[in-house]
Amino acid sequence: MTQDTSPAISISGLNKWYGTFQVLRGIDLTVKQGERIVIAGPSGSGKSTLIRCINRLEMHQEGQIIVDGVELTNDTKNIGKIRSEVGMCFQQFNLFPHMTILENCILAPMSVRGVSRAEATEAALEVLEKVRIADQAHKYPEQLSGGQQQRVAIARSLCMKPRIMLFDEPTSALDPEMIKEVLDTMIELADEGMTMLCVTHEMGFARRVADRVIFMDQGEIVEENAPEPFFDAPQHERTKVFLSQIFGH
């Protein structure tokens, strides 16, 4: 039972520099199991860097990150363990162009988790059905629209049965009409209780799905709150300015 009460992610005193530039400053953040967090903020505020530190795509210099009870250090075994539990979805879809959609989805479960091809295929088709793209399973990425490719990228992550999903501006490279289909997929995931951290400018999504909205600026968490008070009564001046720029008032 202890598994479910321990935090999904625990970050304390996190600092990171690129050379002399400090990109993250004293970040403290605890994410509960099943919690959905949206991280907002202006470009260059450290949002994506924070997300990328959680599965060691970026190294932090100071502080502690614990994911699912495992601390992220230079220990490659721990890094591998965490990456197998944490799905990640980027702005770019990063699909292998020479593989079909189905092949993209079964590759990691077979190579990382040692699942048989038959089992991986059955599971992948179920996940593709879930993101409403099973009919495209035997096509190649270039034959799909951007929105479809991003849903495949989400499906590929889900095929690893992650406990946590990280999204780094998953809709920012998409045309407006494709954004909704990707957000709908993410909303369904959220409704199923997946622990999610999502960097996004889609504030309607944040209002609907997030348990907490976190506002970052200049490498710091400036404000965090439930969606309603965050949007309707922001406390910090920097948050007010940011929201007025997004909503144009």
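An open sheet of 6 strands, with mixed pairing, runs in the order β6-β7-β8-β3-β9-β10, where strands are DSSP runs of E with at least two residues and helices are runs of H or I with at least four, numbered from the N terminus. This is a predicted model, in which local features need pLDDT of at least 70 and side-chain atom pairs count only at pLDDT 80 or more, while totals for chains, interfaces and linings use all residues. Residues are numbered from 1 along each chain as its sequence is written, and side-chain values use heavy atoms, leaving out hydrogens and water.

- The edge strands, β6 (86-89) and β10 (220-225), each pair on one side only, pairing being defined as at least two bridges found by DSSP between two strands.
- Strands β3 (residues 36-40) and β8 (residues 195-199) run parallel and are joined by 4 bridges, and Ile 39 has Val 199 in β8 as its bridge partner.

**Helices across the sheet**
- Helix α3 (residues 76-85) lies across β6 and β7, at about 65 degrees to β6, with angles running from 0 to 180 degrees between N-to-C directions of axes fitted to C-alpha atoms, for helices over the stretch in contact.
- Helix α7 lies across β3, β7 and β8, and runs at about 150 degrees to β8.

**A buried threonine**
- Thr 171 is found in the loop between β7 (164-168) and α7 (176-191), and it counts as buried because its relative accessibility is 4%, buried meaning under 20% relative accessible area with a 1.4 Å probe and protein chains only.
- Leaving aside residues up to four places away in sequence, Thr 171 touches Ile 179, Val 182, Leu 183, Thr 200 and Glu 202, contact meaning heavy atoms within 4.5 Å.

Terms used. Buried means under 20% relative accessible area, exposed over 50%, partly exposed in between (1.4 Å probe, protein chains only).
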